[in-house]
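Welcome to a short walk through a protein model. Keep your viewer open and your selection tool ready, and we will go one stop at a time.

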Amino acid sequence: MPRPLSRTRSNSDPEQVRAFTIECARTCSDMKCSDVKVLDVQGLSQVSDYIVVASGTSSRQMKSVAQALEDLGKERGEPPYRTNRDSGGTWVVADFVDVVIHLFEPEQRFYYDIEALWKTGARVEWRRPEELERAARTAATDADVDADAEDASPEA
């Protein structure tokens, strides 16, 4: 069995890195990115501890989100090591060393499938408690509607 990879460059506090990662994911969501995922790749990657992947709606929106993430990093003493965009504006990467954030237009996200590349990384829950409650209520309501629709459908 291969031994886990270890990172030797980071001297950051693991709890602060995790908190920063979660705040980055929340920022993406607050700025209307969809399908935000956080993967814990500690022991799997020599490059970072966490990867955030989100879908944007346009090049302009993703650029704004990347700027907000850069500002957040600077405020928290975690300035980005590097931020880069592809020439078409369909993929933005913000590299904070411990955390790498990928913002994609949906088609590009599907094409590169970063989540599959790191599928063994643990998913990290990033949503605020009130968002989790709202999501649970919505899921329960949707299930009730589906059940009502099945009950109302005529039998063949």
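**Stop one: strand 5**

Select strand 5: Val99, Ile101 and Leu103 point one way from it, while Val100, His102 and Phe104 point the other way, and all are buried. Buried means under 20% relative accessible area, with exposed being over 50% and partly exposed in between, using a 1.4 Å probe and protein chains only. In a regular strand the side chains alternate between the two faces of the sheet. Because 6 of the 6 residues of strand 5 are buried, strand 5 is largely enclosed by the rest of the structure.

A few words on what you are viewing. This is a predicted model, in which local features need pLDDT of at least 70 and side-chain atom pairs count only at pLDDT 80 or more, while totals for chains, interfaces and linings use all residues. Residues are numbered from 1 along each chain as its sequence is written, and side-chain values use heavy atoms, leaving out hydrogens and water. Helices (H or I, at least four residues) and strands (E, at least two) are DSSP runs, numbered from the N terminus.

**Stop two: the partners of strand 5**

Two strands pair if DSSP finds at least two bridges between them. Click on Ala54 to find it opposite Leu103, then on Ser55, whose bridge partner is Phe104.

Next, show strand 4, which pairs with strand 5 in the antiparallel sense over 5 bridges. Here Val93 stands opposite His102. The hairpin of these two strands has 3 residues between them, and Val97 takes a positive phi near 70°.

In what order do the strands of the open sheet lie? The 6 strands follow the order 3-4-5-2-1-6, with mixed pairing. Strand 3 (82-85) and strand 6 (122-123) stand at the edges with a single partner strand each, so one side of each has no neighbour in the sheet.

**Stop four: helix 2**

Finally, select helix 2, where the buried residues include Met62, Val65 and Leu69. Among the elements covering its buried residues are helix 1 (14-30) and strand 3.

Key:
Contact means heavy atoms within 4.5 Å.
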